[in-house]
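Dear colleague,

My notes on it follow directly after.

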Amino acid sequence: MAFFPAPLSRAESDLLADRCATLIRERGWGFWAAELKASHQFIGFVGLHVPTAELPFSPCVEIGWRLSVEHWGKGLATEAAQGALRIGFGAIGLEEIVSFTAVGNTRSRAVMEKLNMCPSGTFEHPLLPIESPLRLHCLYRLKRPRLET
Ligand SMILES: CC(C)(COP(=O)(O)OP(=O)(O)OC[C@H]1O[C@@H](n2cnc3c(N)ncnc32)[C@H](O)[C@@H]1OP(=O)(O)O)[C@@H](O)C(=O)NCCC(=O)NCCS
C-alpha cells in the first residue's frame with residue numbers, strides 16, 4: 001500500500017471486498033479475486049473497474065491489480081491482467097481500457113508496459129491532497145485491438 005494514502009484496517013479491507021462483490025453482482029464484472037491455479041489460494045485482485053472519481057479522461061474503464069507481496073515478481077499480475085483485457089475487449093465489448101498509478105509505482109507501470117499499454121501523460125489525482133507526493137499520476141491507455149482482415 002506504499003502508493004496509496006494509507007494501509008487499510010481490517011474493517012476497511014472487508015468493506016472494499018464487499019464493494020467489489022456488489023459491483024460484480026450489479027455489472028457482471030469488476031475487480032475479480034485472483035487465485036493460484038494449482039491450489040486456488042486467494043492472492044489478491046485483478047480486474048476492471050469504473051473509477052468513482054471524476055478524472056480528466058472520464059468516463060473510462062480502468063484495469064487494476066493488487067497482489068499479496070509474497071506473490072510479486074512471478075508474472076502473475078501480468079497473466080491475470082491479460083485475461084481481464086480479453087474479457088474487457090471481448091465479452092464486455094469495451095473500446096478502450098486505461099490504467100493509472102502514482103508516477104513512482106514502477107512495478108505497476110512495468111505491468112502496464114508489458115501489456116503494451118500506451119504511456120499517455122500525467123495528471124493530478126483529484127482525491128489526493130495537493131501536498132501529497134502520490135498526487136501526480138501517470139496514465140496508460142489501450143485501444144481495443146483491431147482484427148486483421
Ligand atoms: C503491481 C503488482 C500488482 C505487480 O504484480 P506482479 O505479479 O509482481 O507483476 P509481474 O510479475 O507480472 O510484473 C512485475 C514487473 O515489475 C518488474 N519489477 C519488479 N521489481 C521492480 C522494481 N523494483 N522496479 C521496477 N520494476 C520492477 C518485474 O521485473 C516485472 O517486469 P518484468 O517481467 O518485465 O521483469 C504488485 O507489485 C502489487 O500488488 N503492488 C501493490 C499494489 C499496487 O501498487 N497496485 C497497483 C496500484 S495502481
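Predicted model: local features only at pLDDT ≥ 70, side-chain atom pairs only at ≥ 80, totals over all residues.

To begin with the contacts between charges and rings, Arg27 lies over the face of Trp29, at 5.4 Å from the ring centre.

Leu8 is placed in the segment before α1 (10-27). With a relative accessible area of 37%, Leu8 is partly exposed.

Next, the strands. Strand β2 (residues 42-49) and β3 run antiparallel and are joined by six bridges. One of the residues concerned is Leu48, whose bridge partner in β3 is Ile63. Strand β3 spans residues 62-67, and five of its six residues are buried, so this strand is largely enclosed by the rest of the structure.

The aromatic residues deserve a section of their own. A search of the whole structure finds four aromatic pairs. One of these is formed by Phe57 and Phe100; the pair is tilted, with 5.7 Å from centre to centre and 55° between the planes. Phe57 lies in the loop between β2 and β3, while Phe100 lies in strand β4 (residues 96-102), so the pair ties together parts that are 43 residues apart in sequence. Both Phe57 and Phe100 are buried.

Phe57 also pairs with Phe123. Their ring centres are 5.0 Å apart and their planes stand at 85°, so this pair is edge-to-face. Here too distant parts of the chain are linked, since Phe123 belongs to strand β5 (residues 118-124) and Phe57 to the loop between β2 and β3, 66 residues apart. The relative accessible area is 11% for Phe57, which is therefore buried, and 7% for Phe123, which is likewise buried. Phe57, Phe100 and Phe123 form one aromatic cluster.

Turning to the salt bridges, the count comes to six. Three of them are described here.

- Asp14 and Arg10: the closest N and O atoms of this salt bridge are 3.1 Å apart. The two residues are four apart in helix α1, and are therefore separated by about one helical turn. Asp14 counts as partly exposed at 35% relative accessibility, whereas Arg10 is exposed, with a relative accessible area of 67%.
- Glu79 and Lys37: the closest N and O atoms are 3.3 Å apart in this salt bridge. Glu79 lies in helix α2 (residues 76-89) and Lys37 in the loop between β1 (31-35) and β2, so the pair ties together parts that are 42 residues apart in sequence. Glu79 is partly exposed at 39% relative accessibility, and Lys37 is exposed, with a relative accessible area of 68%.
- Arg141 and Glu96: in this salt bridge the closest N and O atoms are 2.9 Å apart. Arg141 lies in strand β6 (residues 136-143) and Glu96 in strand β4, so the pair ties together parts that are 45 residues apart in sequence. Arg141 is partly exposed, with a relative accessible area of 29%. Through salt bridges that share partners, Glu96, Arg141 and Lys143 are joined into one network.

With kind regards

Definitions and conventions
Residues numbered from 1 in each chain as written. Heavy atoms only, no water. Buried < 20%, exposed > 50% of the residue type's maximum accessible area, 1.4 Å probe, protein only. Pairing = 2+ DSSP bridges. Phe/Tyr/Trp six-rings, centres within 6.5 Å; stacked < 30°, edge-to-face > 60°. Lys NZ or Arg CZ within 6 Å of the ring centre and 35° of its normal. Salt bridge = Lys/Arg side-chain N within 4 Å of Asp/Glu carboxyl O.
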